[in-house]
Structure formats: structure tokens, C-alpha cells
Amino acid sequence: MSDQIKVLYIAGWGRSGTTILDNILGQYSGLLSTGEIRYIWQRGLLENRLCGCGTPLRECTFWRNVLDPVVGNDQAKIEYMAYWTENGLRSRHIPMLVLPGAGNRLISRMDTYRYTLASLYQEVKKRSESQVIVDSSKFPTYGYILDSIPNIDLYVVHMVRDPRAVAYSWIRKKEMKDRGSNKYMRGHSPIESTFFWLLWNSTIEALWKKNGPEKYILLRYEDFVQDPKGTTEHILDMVGVSTQENTPFVDQNTVKLSPTHTVSGNPSRFSTGEVEIKPDDEWTEKLDARSKLLITSLAMPMMHHYGYLNLIILVIMLVLMYASA
């Protein structure tokens, strides 16, 4: 149907490589990289943070053309959307996605929110003339609401990374380039990070894996950085976009990035020029042994499920833990 909006949703717990994947996909003809568009109301319109093109979002010509027909200067509507994004789609609402009947209750109480989102994505498609909107909002709750909108055709890339690497990334200070030199991204302790890693990844898989390879891809960060060109082309094949023209890859591991209109995300969304995609394994040496053991103990079954923990090692660790109890 011509009114269908094809959205490629990149889901997964933070610090798993979603931003660089989003940026790369947005370099292809027919795809528009929007970053974490769920934050457009709060960070974009209320706080006027930078668009990926380097312009404050309210002054960005592209987003102004998109947003004027959707919310115009209606401050109350903007605040309404920001409120429900923050308070209606949090991690504590995740049980409503998987419990029988609970998801319908979540959808029904957000009808106005969903209608406005449908208008937003329709305008993005219209103004960009793109075949696919790339949205790296990550949240399973937000993706669930998008999937409930009739004219959105949702494809999901579920990005996973070793929880020890993720936890290490969350404890490192990361400067936010769109809020001034003394502002840093919020961090999480190893326990917090691992809890959300478990909750988000299990929920994302439960929601969309059943759709099969035509609509869902599980992508490990470690596999992506080993073959970024090949894995990107696999994703493009899923959404029906040709990979033969306008490739941004200089070689198998180097990509040439141009500015995008990303709303929010990791500071790497501002990266331009030639960027080499390579493994970030600093955590193997710098994450302390206690944190590694704690994370592994908490996430053992899922780490094995995603190939981060050998079954033999898992059995040995369980035996040792039992013997020391």
C-alpha cells in the first residue's frame, strides 16, 4: 500500500553499537537516518539540542518542515508527547508488552500519542522521499507502540553486545556534544546495566523474533564489527533496498559518513568523513575482575544463548559456585 511507512527499528540495550549502525544505514540512497527519534519532543523541541547536521533542531530546515504540519507551535501538544514518551513507555511498562491483554491496555490509553506519531512518521517519509526510515530509539516499549500503528510496516534489527563490554561502556564518562562541554551522558552501574541488558534483550526477542527473518534480524555487535559491510548489506536486503549503488563503504571495514538528521543518540552520531569500524575490546583489560564475575553470574543463561559463554565454562562456573556456597 502506498500509505505504508517502512520503518527499520534498531532495538537493544544502550552502548551496543546502534548509533554507528544507524549512521551507516542512513548513507544509502532510499534510507533516512533519524537517530533516536523518540526523543524529538523533549530533547529536540523542548531543549533544542543539536540535530545530527549540527544545527539546533528547531532551526533545522528538514525537521522544521516535518514538524510544522504535525505540532506547529502547539506547546501543549509538544509537552503532551514529551510527557507520554517519558512516563508512558518506561522500562517498568515492559511487563505490559508480554502479559496477555496488558499490551492492548497500553495501546488503548495512548491513542492520541499513536495518532501523532503516525503523522510524524508520515511527514518524515513525505519530506525525505525515503523508502525506509531508520529509527534507533532502541526501547522495546517504543517499538511496540510503533508496531501497533496500522500504517507503519516495522522491521527490527535486534542488536546485542557482550554485557561485560556494555557495562564497561556505561561506567566510562562520555561527553555529550549537544549540551555543552561540561555535560556527560548518564551512566549505569554494572548491576543496573546487566539488569536492563537482560530485561530489554529478552523482551525484544519475545516480541519480534517470531516474525521470522523477513522482519527480524539478531545482530551481535561483535559480528557487525568483524564484517560491517556484509552485515549492513544483509539488513538492507531484508528491507528490500539495493546495495549495489551509493555504498558508503570504502572497503570492507571503512565507511565514509556524511552528516545526517539524527535527533538524538551517542555522540558518535556527529562523526563524519572516513571511519574505520573495528572492535572496541578495551573492557577485556580495564573492567575489574569483580565486575566481570558479577555480570557473568547474573547473565549466565542469556550470555550462553547469545554465544558469549561457552557451555563447558558455564558448567564449571556453576560447579565452583555451588562448591563455594
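**Entry 1: a threonine to begin with**

Which residues does Thr 203 touch, leaving aside those up to four places away in sequence? I looked them up: Ile 94, Leu 97 and Pro 140. A reminder to myself before going further: this is a predicted model.

Next I checked where Thr 203 sits, and its place is in helix H10. Is Thr 203 buried or exposed? Its relative accessible area is 5%, and the cut-off for buried is under 20%, so Thr 203 counts as buried.

**Entry 2: the sheet**

I went on to the strands. Five of them form an open sheet, and reading across I get the order S2-S3-S1-S4-S5. The pairing is parallel. Which strands stand at the edges? I found S2 (31-33) and S5 (216-220) there; each has a single partner strand, so one side of each is left without a neighbour in the sheet. From one strand to the next, the twist averages 25°.

H10, the helix from my first entry, turned up again here. Helix H10 covers residues 190-208 and packs on the sheet, where it touches strand S1 (5-11), strand S3 (132-138), S4 and S5. The direction of H10 makes about 140° with that of S4.

**Entry 3: walking across the pairs**

- S2 and S3 run parallel and are joined by three bridges. Here Leu 32 stands opposite Ile 133 in S3.
- S1 and S3 also pair in the parallel sense, over five bridges. Ala 11 stands opposite Lys 138 in S3.
- S1 and S4 run parallel with seven bridges between them. I noted Ile 10 opposite Val 157 in S4.
- S4 (residues 152-160) and S5 run parallel and are joined by five bridges. Val 156 stands opposite Tyr 216 in S5, and Val 160 has Arg 220 as its bridge partner in S5.

**Entry 4: how enclosed are the strands?**

How many of the residues of S3 are buried? I got seven of the seven, so S3 is largely enclosed by the rest of the structure. In a regular strand the side chains alternate between the two faces of the sheet.

**Entry 5: two helix pairs**

Time for helices. Two packed helices are described by the angle between their axes and the distance between the axes, so I looked up both.

First pair: helix H1 (residues 18-25) and helix H12 (residues 228-238). They pack at an angle of about 65°, and their axes are 11 Å apart. H1 and H12 are therefore roughly perpendicular to each other. The crossing of H1 past H12 is right-handed. Which residues make the contact? From H1 I listed Leu 21, Ile 24 and Leu 25, and from H12 Thr 232, Ile 235 and Leu 236. Sorted by class, that contact has five nonpolar residues, one polar and no charged ones.

H9 passes H14 in a right-handed crossing. On the H9 side the contact is made by Pro 163, Arg 164 and Ala 167; on the H14 side by Lys 292, Ile 295, Thr 296, Ala 299 and Met 303. By class, I have five nonpolar, one polar and two charged residues in the contact of H9 with H14.

**Entry 6: a glutamate to finish**

My last stop was Glu 274, found in strand S7 (residues 273-276). Is Glu 274 buried or exposed? With a relative accessible area of 56%, Glu 274 is exposed. Not counting residues up to four places away in sequence, Glu 274 touches Val 250, Thr 254, Val 255 and Lys 256.

Note on methods. Residues numbered from 1 in each chain as written. Predicted model: local features only at pLDDT ≥ 70, side-chain atom pairs only at ≥ 80, totals over all residues. Heavy atoms only, no water. Pairing = 2+ DSSP bridges. Helix = DSSP H or I, 4+ residues; strand = E, 2+ residues; numbered from the N terminus. Axes fitted to C-alpha atoms, helices over the stretch in contact; angles between N-to-C directions. Contact = heavy atoms within 4.5 Å. Left-handed = near helix turned anticlockwise from the far one by under 90°. Nonpolar A, V, L, I, M, F, W, Y, C, P; charged D, E, K, R; others polar. Buried < 20%, exposed > 50% of the residue type's maximum accessible area, 1.4 Å probe, protein only. Parallel < 35°, antiparallel > 145°, perpendicular 65-115°, else oblique.
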